[in-house]
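Please look over the briefing on the structure shown here.

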Amino acid sequence: MRTTATDLVGIDVPIFAFSHCRDVVAAVTNAGGLGVLGAVAHTPEQLDIDLAWIEQEVKGRPYGVDLLVPEKFAGSESGGLDREALGDLLPAGHREWLDGLLDRYGIPPLPADTPTGGRSSGVGGMRVDPKSMAPLLDVLFAHETRLVASALGPPPPHFIERAHGAGIPVAALAGSVEHAVRHQAAGADLVVAQGTEAGGHTGQIATMVLVPEVVDAVGPLPVLAAGGIGRGRQLAAGMALGADGVWCGSVWLTTEEAETNPAVKEKFLRAGLGDTVRSRSMTGKPARMLRSPWTEEWESADGPGTLPMPLQPMLVGEAQARINRVAGTPGTPANDLATYFVGQIVGSASMSSVRPTRRVVHEMVEEFVEAVERLTRFVES
């Protein structure tokens with residue numbers, strides 16, 4: 001299955017898999033696709049460990065790394081503030097409201113010896129400003145990364161220049177045609193046209209509408225279809241719309257290798273197609289996640305309103321850790337609150353059971369072939 005996108009990074013099947021879990025990244029790469037590690041919550045030390053581990057597992061096969069490099073964030077006018085200075089910007093009223101929410105749901109505090117940092121630190125450990133991003137970039141470019149992705153806004157010039165200087169192509173995610181054109185002008189080598197069905201940060205335009213418009217706007221630059229894609233028929237649809245492959249994230253959250261919180265994974269397995277919502281409650285930017293009392297409380301009339309990135313993830317990081325630590329029992333307040341980023345395919349067959357990542361890739365390819373053969377019969381008749 002050769003396309004411009006597969007040739008760009010040297011893979012066998014046009015499946016680009018975003019995951020915060022290094023095991024999923026390695027499994028997809030070893031199955032012929034491109035695993036892409038979401039590293040926004042990593043410390044430089046943990047990123048170095050994870051990339052070395054991935055490279056040992058994939059034995060020279062290509063993988064990628066995704067970072068959030070937004071144009072605008074709190075402190076951006078001064079080039080970014082350190083975490084202590086950013087913490088001083090958190091309004092007391094927001095802290096008090098969040099403490100009250102946790103008290104109402106009976107969420108206990110974290111034990112004093114709870115570790116912080118690393119890839120398990122979640123939204124509270126997000127690094128999005130230049131001051132905290134620079135060490136991550138140093139680690140990234142010291143490894144054998146074959147693709148780097150910028151998930152928020154056009155890739156900054158320093159990001160593009162450093163990647164291209166190292167011979168590494170740059171991908172950028174776009175939720176609109178305008179964003180895609182800006183990515184192309186900035187020097188991106190690959191545009192991910194992400195429809196509103198996607199999990200995480202996403203816009204309001206559906207994949208079916210967005211992808212062909214982006215393809216027409218930035219061609220011959222290769223485009224990946226994203227949003228609501230987790231099986232072979234959807235891969236075939238993306239290719240039919242003009243894409244050179246697909247970018248998938250949610251489908252890996254219920255795989256055997258995924259490090260998804262067990263309580264949240266179980267909620268994903270039980271969820272329906274309408275059980276997601278775009279909410280600013282985790283990061284300060286609209287991101288699709290599982291609907292829960294957590295998202296509803298932030299939208300209530302009594303809510304304080306969300307803060308800009310990275311203040312919102314700093315505000316809620318410890319709260320999320322407290323919730324997830326005790327969310328394992330269904331029917332408890334903590335379990336009710338628990339949520340995570342996920343797309344609208346959460347209620348589909350592609351996420352209704354726990355399967356090995358490699359099997360998910362192979363089933364996508366097999367169903368893709370069946371879909372293409374079915375369409376070919378229509379042409380032949």
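Helices (H or I, at least four residues) and strands (E, at least two) are DSSP runs, numbered from the N terminus. This is a predicted model, in which local features need pLDDT of at least 70, side-chain atom pairs count only at pLDDT 80 or more, and totals for chains, interfaces and linings use all residues. Residues are numbered from 1 along each chain as its sequence is written, and side-chain values use heavy atoms, with hydrogens and water left out.

**Negative surface patch**

- Asp 99 lies in helix H5.
- Glu 96, Asp 99, Asp 103 and Glu 318 form a negative surface patch. Patches are made of residues with over 30% relative accessible area and no salt bridge, where like charges are joined within 9 Å and nonpolar side chains (Val, Leu, Ile, Met, Phe, Trp, Tyr) within 5 Å.
- Lys and Arg count as positive and Asp and Glu as negative, while His and the chain ends are not counted. The place of a charge is taken as NZ of Lys, CZ of Arg, CG of Asp or CD of Glu.
- Helix H5 (residues 92-104) gives the most to this negative patch, with three residues.
- Asp 99 is partly exposed, with a relative accessible area of 42%. Buried means under 20% relative accessible area, exposed over 50%, and partly exposed in between (1.4 Å probe, protein chains only).

**Nonpolar surface patch**

- Ile 205, Met 208 and Val 209 make a nonpolar surface patch of about 280 Å². Accessible areas come from the Shrake-Rupley method with a 1.4 Å probe, and for residues only the protein chains shown count as cover.
- Met 208 has its place in helix H9 (residues 207-218).
- Met 208 counts as exposed because its relative accessibility is 55%.

**Salt bridges**

- The structure holds nine salt bridges. A salt bridge is a side-chain nitrogen of Lys or Arg within 4 Å of a carboxyl oxygen of Asp or Glu.
- Side chains of opposite charge can pair when their charged atoms come close.
- One of the bridges joins the side chains of Arg 22 and Asp 50 (3.0 Å, N to O). This pair links distant parts of the chain, with Arg 22 in helix H2 (residues 22-30) and Asp 50 in helix H3 (residues 44-58), 28 residues apart.
- Arg 22 counts as buried at 15% relative accessibility, and Asp 50 counts as buried at 0%.
- Asp 138 forms a salt bridge with Arg 162, and their closest N and O atoms are 2.7 Å apart. Arg 162 lies in helix H7 (residues 157-165) and Asp 138 in helix H6 (residues 130-140), so the pair ties together parts that are 24 residues apart in sequence.
- Arg 162 counts as partly exposed at 36% relative accessibility, and Asp 138 counts as partly exposed at 43%.
- Arg 359 and Glu 363 meet through their side chains in a salt bridge (2.7 Å, N to O). Both residues lie in helix H15 (residues 357-380), four residues apart, about one turn of the helix.
- Arg 359 counts as partly exposed at 45% relative accessibility, and Glu 363 counts as partly exposed at 27%.
- A network of salt bridges links Arg 231, Arg 233 and Glu 367.

**Cysteines**

- Zero disulfides are found in a search of the whole structure. A disulfide is a pair of cysteine sulfur atoms within 2.5 Å.
- The closest cysteine sulfur to that of Cys 21 is in Cys 248, 16 Å away, which is too far for a bond.
- Cys 21 is buried, with a relative accessible area of 4%, and Cys 248 is buried, with a relative accessible area of 1%.
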